[in-house]
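Hi everyone, thanks for making time today. I'd like to walk you through one structure, so please have a look at it with me.

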Amino acid sequence: MTPLLPALAALVGALLGEAPEEPCFDALGGRLRPPPLRFPPGSGPGGSWIVLSLFDGIGGGGLALRNLGVPVARYVAAETDRRAVFVAQRGLGDVYVPVGDVRELEGGKLGSIDLVLGGTP
């Protein structure tokens with residue numbers, strides 16, 4: 001694994017307020033130990049997150065969250081390309097909720113959202 005990936009994981013942890021107690025990397029970026037990734041609880045069942053992804057594409061945001069270990073209860077995706085929706089549904093499974101065109105979203109019907117992601121339209 002390149003030094004960039006562990007550094008990115010440590011940055012995400014630091015942004016979420018979970019700074020490591022001791023350095024995770026040596027001066028040259030080599031890994032000393034895995035960074036402690038802890039995420040604040042979401043509003044979903046058991047503290048899992050409810051995510052809204054605008055211009056979702058093939059669900060890359062959901063896969064990234066899964067790879068980081070973020071528990072996702074529902075991944076609401078605004079995407080109009082049916083082929084992209086098909087790929088995202090296959091990759092994300094039951095948590096994936098396609099809602100179609102972002103211009104037709106009604107905020108009051110979405111309920112609680114813990115994280116909003118956005119791709120380029």
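**A polar contact to start**

Let's begin with Asp101, whose side chain makes a polar contact with the side chain of Arg103, at 2.7 Å. A polar contact here is a pair of N or O atoms within 3.5 Å; within protein, one must be able to donate a hydrogen and the other to accept it, and residues adjacent in sequence count only if both atoms are side-chain atoms.

Before going on, please keep in mind that this is a predicted model: local features need pLDDT of at least 70, side-chain atom pairs count only at pLDDT 80 or more, and totals for chains, interfaces and linings use all residues. Residues are numbered from 1 along each chain as its sequence is written, and side-chain values use heavy atoms, with hydrogens and water left out.

Where does Asp101 sit? You'll find Asp101 in the loop between strand 3 and helix 4 (107-110). Helices (H or I, at least four residues) and strands (E, at least two) are DSSP runs, numbered from the N terminus. Asp101 counts as buried because its relative accessibility is 16%; buried means under 20% relative accessible area, exposed over 50%, partly exposed in between (1.4 Å probe, protein chains only).

Four strands form an open sheet in the order 3-2-1-4, with parallel pairing; two strands pair if DSSP finds at least two bridges between them. At the edges are strand 3 (96-100) and strand 4 (115-118), each pairing on one side only.

Strand 1 and strand 2 are parallel and share six bridges, and Val51 stands opposite Tyr75 in strand 2. Between strand 2 and strand 3, also a parallel pair, there are four bridges. Ala77 has Pro98 as its bridge partner in strand 3, while Ala78 has Gly100.

What about the core? The largest nonpolar core has 11 residues, including Phe39, Trp49, Val51, Tyr75, Ala77 and Leu92. Such a core is a set of buried Ala, Val, Leu, Ile, Met, Phe, Trp, Tyr and Cys residues joined through side-chain atoms within 4.5 Å. Strand 1 (49-54), strand 2 (72-78) and helix 3 (82-92) each give two or more residues to this core, and helix 3 gives the largest share, three.

Let's finish with Leu92. Leaving aside neighbours within four places in sequence, Leu92 is in contact (heavy atoms within 4.5 Å) with Gly59, Gly62, Leu63, Arg66 and Tyr75.
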